Amino acid sequence: DDSLSPVFFLANVHPDKPVRDAAEACELRYQAFTSRLYQNPRIYRRLQALQPVDAIDRQMRADLLASFDDAGVGLPAAKRDRARALNDELGRLSQDFERRLREDKTRVAFTDSELDGVPASVWNTAPRDAQGRVLLGLDYPTYSPVVENARSPVARERMWRAFQARGGQANLKTLARLGEKRRSYARLFGVESYADFTLRRRMALNVGNVQAFLGEVKGELGEREERDLSELRAAKAAELK
């Protein structure tokens, strides 16, 4: 963790693309290393044989054994190889998806009046298009002040929609592929969905329990939600006339 956390950090924040690319390559090498580490039966057997000395040791041992199990250490050889290949592919797809979000260069155009309410420091030095409109990017220090402070609902919505569309069609396709690969991974373990695969070690246990809980919450809070929305509508109408 001490060695790799700075590498992951560089992949997300370094201003030079060659450095980000090098860090991402390290991330993929790490992904491949951990896929193979957690499928190593010799290490798994050593871990099983360890005798914990306290509750902390017991929990750490249980968590590590679960990581080995989830990596496919107990699967037949062919399925184990397939799990490793899927894990590597999931790492590459996730990296592609995150990179497109991070490096999206979309600029949204606003008139000065549309930015009424937004702190001037956010936009007064921004570039302008041929029509004189302010061009704002989708980075959080720019996005948040606009959607939280712009008095124009049209301006807020335009910024919000652009933000939701980061990565474009390429990311929608990647998201679909991620879903397919995760589902294939879960089925190697005899589990129908990746959600159920992930939840089976957590308090909720399965998707059915999650949906039942969310339904209960919705039933309890639906009326209060409607009251809150009514108050917001009234406040907006009063302010914007």
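The largest pocket here is lined by 22 residues, and Q31, D70, N87, Y185 and Y194 lie nearest its centre. On a 1 Å grid over the protein atoms alone, a pocket is an open set of points where a 1.4 Å probe fits, with protein on both sides within 12 Å along at least five of seven lines, and a lining residue has an atom within 4 Å of a point.

Before going on: this is a predicted model, where local features need pLDDT of at least 70 and side-chain atom pairs count only at pLDDT 80 or more, while totals for chains, interfaces and linings use all residues. Residues are numbered from 1 along each chain as its sequence is written, and side-chain values use heavy atoms, with hydrogens and water left out.

The largest pocket has a volume of about 640 Å³, volume being the space filled by probe spheres set on the points, which are joined across faces, edges and corners. Which helix gives the most to its lining? That is α5, with five residues. Helices are DSSP runs of H or I, at least four residues, numbered from the N terminus. At least two lining residues each come from α2 (17-37), α4 (55-71), α5 (77-103), α9 (168-188) and α10 (194-199). By type, the lining has eight nonpolar, nine polar and five charged residues. Ala, Val, Leu, Ile, Met, Phe, Trp, Tyr, Cys and Pro count as nonpolar, Asp, Glu, Lys and Arg as charged, and the others, Gly among them, as polar.

Now the second largest pocket, with a volume of about 260 Å³. Its lining has 13 residues, with L101, R102, D104, L138 and D139 closest to the centre. Here α5 supplies the largest share, three residues. This lining divides into five nonpolar, one polar and seven charged residues.
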